[in-house]
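Hello,

Here is the structure I said I would pass on. My notes on it follow below.

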Amino acid sequence: MVRSNETSSAAGFILLGLTGHPKLEKTFFVLNLSMYLVVLLGNGVLILVTILDPHLHTPMYFFLGNLSFLDICYTTSSVPLILDSFLTPRKTISFSACFGQMFLSFAMGATECVLLSMMAFDRYVAICKPLRYPVIMNKAAYVPMTISSWAAGSITATVQTSLAMQLPFCGDNVINHFTCEILAVLKLACADISINVISMAVANMIFLGVPVLSIFFSYVFILATILRIPSAEGRKKAFSTCSAHLTVVVIFYGTILFMYGKPKSKDSLQADKQDLTDKLISLFYGVVTPMLNPVIYSLRNKDVKTAVWSLVSQKQGDSQWFCTL
């Protein structure tokens, strides 16, 4: 029995995707491809302006550049596979490719959780301790903070993926998802997964619970400080510096909590509808959120808008100069 399980695992997995809803596949292929291109363009532009514009060489925009790079990596780890699943019914993926994709998605998601809490701390220092901001958030502080975010995400992804890879898998190894999402893969194991469940619970406490608490308390102090500002214009200006980050946090964590926190239906018909809903929510989390991040930061941040327009104007000027030659 063990031998057959190992053979089944080595042969790979089958991704169902939207096989049961063929009418939706073409529509979602076009939507996901369009959104993926926007993710690459929007986040690519943000990375470019944070590198090229000297006015954006600050801790806040260093974190933002990393967030944009993170969003590109996260979507690239899953969207090409999702697009392929729309074109190929019952898409087959090898054992190693499946767990490689699982590792990348888990690592990027965990890293973003930590990075968002680092960005909240940056806003806390900027608003609550403005005179000490250059001292506290110097390069010797914010660069290691960013590196630690990436390292923490990679470590927890290594642990979770390694534990999942050690499990034997039974049957035809059909994953009822677009990608090798870890919870969908664990359902196929024909062994005790209590260790995996415990390790996932611990990881959730560390990478969801702790960052959420950190962000919450940061904004409690931020709000208290803003309310003490005497002028309405001063309060508006102070809040505008963190409104983009707060919007991203609400969308990011709100989607996660809705996706994993809602109760599971026991009725078979309702369960099928819930599976479809879960898949569509995972698409929102994996594609729409990274697409919205550069839009939110561009619309709500005057410095970013100025830097983007400056870059566009410079490129137009270079093009006109080239055409006159």
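Strand S1 (residues 13-15) and S3 run parallel and are joined by two bridges; strands here are DSSP E runs of at least two residues and helices are H or I runs of at least four, both numbered from the N terminus. Leu 15 has Ile 175 of S3 as its bridge partner. The open sheet has three strands in the order S2-S1-S3, with mixed pairing, where pairing needs at least two DSSP bridges between two strands. S2 (91-93) and S3 (174-175) each have a single partner strand and stand at the edges, so one side of each lacks a neighbour in the sheet.

This is a predicted model, in which local features need pLDDT of at least 70 and side-chain atom pairs count only at pLDDT 80 or more, while totals for chains, interfaces and linings use all residues. Residues are numbered from 1 along each chain as its sequence is written, and side-chain values use heavy atoms, with hydrogens and water left out.

Helix H4 (residues 95-128) packs against helix H8 (residues 194-227) at an angle of about 20°, with the axes 9 Å apart; axes are lines fitted to C-alpha atoms over the stretch in contact, and angles run from 0 to 180 degrees between N-to-C directions. H4 and H8 are therefore roughly parallel (an angle under 35 degrees).

Thr 75 lies in helix H3 (residues 59-87). Thr 75 counts as buried, at 0% relative accessibility (buried is under 20% relative accessible area, with a 1.4 Å probe and protein chains only). Beyond its neighbours within four places in sequence, Thr 75 is in contact (heavy atoms within 4.5 Å) with residues including Tyr 36, Val 39 and Pro 290.

Regards

Methods. Parallel < 35°, antiparallel > 145°, perpendicular 65-115°, else oblique. Buried < 20%, exposed > 50% of the residue type's maximum accessible area, 1.4 Å probe, protein only.
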